[in-house]
Amino acid sequence: MTALFCCVKGLSVRYEQETALKSIDLDLVGGERLAIIGESGSGKSTLARALAGLLPVQARIEGNISWPALGHAPLPGRDFGFVFQDPGTSLNPMLTIGEQVAEGARRHLGLGWRQAYARAEELLERVSLLQPTNMRAFPHQLSGGQRQRVAIAAAIAARPALLIADEATSALDVVVQAEIVGLLDSLVREEGMTLLFITHDIALASGFVDRVAVFRGGALLEAGPVRSVLSSPANSYTAALIANHRDLSTPPLIAEVMS
Ligand SMILES: Nc1ncnc2c1ncn2[C@@H]1O[C@H](COP(=O)(O)OP(=O)(O)OP(=O)(O)O)[C@@H](O)[C@H]1O
């Protein structure tokens, strides 16, 4: 887990009057799980979109993002998968869940429909969502947590090296949140993926990631291993964030990671 996967240098992003990111320097190491923590408007999604090459055309970008491990800018769906907050909008309501997951495998792995469908079946089983009939279910027939499982299966269908989860659990209740975090954790470990976990919830993230990076007002305040940031935060805002989070004193969601 030491190869440099992505290197962000002096990245600034501006939308008209708004400076969403201010000269960010941040590295991502291959196979690590990095949480981007910050309150609403701190620039988390802008960073994710910048990495994914998905910023709107009006965004003004300075600085550099390089991908030493890939050797090229990542291709959406192929080199990285994206899981958004609301699977209700990221899933196509007209396609069955089998078709949504198969589509990524077909398009990016060059599989025929039969093979892609078999891969979808395997992935939906992997995210614990399969009775055979479920392949033909439509998104509206599933719960929010089940839809997020489909979105995760679709995001990893092409075996991407990087998975970006942008507030992927924020719309879910606490129990389902814990299940989805557990699922993401086991998938990235088993597949050797790098995970960028974007959240406003430091307690949720610190239960399973390797490192955290704390953002505020478009600036990166600090980044470091989760244990050292939690035990001795370098920035007073991070300290306040930790102090204000009662959940941090409760057992972590994934106990063995913290033991
Ligand atoms: N397309 C856009 N056009 C104009 N301003 C934008 C756009 N996208 C984001 N912004 C602004 O950039 C700043 C950072 O937004 P961003 O969505 O990156 O923050 P965030 O930390 O992800 O917030 P949230 O958790 O609420 O999604 C905010 O002030 C936001 O209003």
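Colleague: How do the residues of the shell around the ligand divide into nonpolar, polar and charged?

Modeller: Three are nonpolar, eight polar and two charged. Here Ala, Val, Leu, Ile, Met, Phe, Trp, Tyr, Cys and Pro count as nonpolar, Asp, Glu, Lys and Arg as charged, and the others, Gly among them, as polar. Mind you, this is a predicted model: local features need pLDDT of at least 70, side-chain atom pairs count only at pLDDT 80 or more, and totals for chains, interfaces and linings use all residues. Residues are numbered from 1 along each chain as its sequence is written.

Colleague: What makes a residue part of the group that surrounds the ligand?

Modeller: Its C-beta atom, placed from the backbone, has to lie within 6 Å of the molecule. 13 residues surround the ligand, and the closest are Tyr15, Ala20, Ser40, Ser45 and Thr46.

Colleague: Which helix supplies the largest share of that shell?

Modeller: H1, with three residues; helices are DSSP runs (H or I, at least four residues), numbered from the N terminus.

Colleague: Why is the crossing of H3 and H4 called right-handed?

Modeller: Because a crossing is right-handed if the near helix is turned clockwise from the far one by less than a right angle, and left-handed if anticlockwise. The crossing of H3 and H4 is right-handed. Their axes come within 8 Å and cross at roughly 115 degrees, with lines fitted to C-alpha atoms over the stretch in contact and angles running from 0 to 180 degrees between N-to-C directions.

Colleague: What is alanine 153 in contact with, leaving aside its neighbours within four places in sequence?

Modeller: Val101, Leu123, Leu124, Arg126 and Val127, where contact takes C-beta atoms, placed from the backbone, within 7 Å.

How values were computed: Helix = DSSP H or I, 4+ residues; strand = E, 2+ residues; numbered from the N terminus. Contact = placed C-beta atoms within 7 Å.
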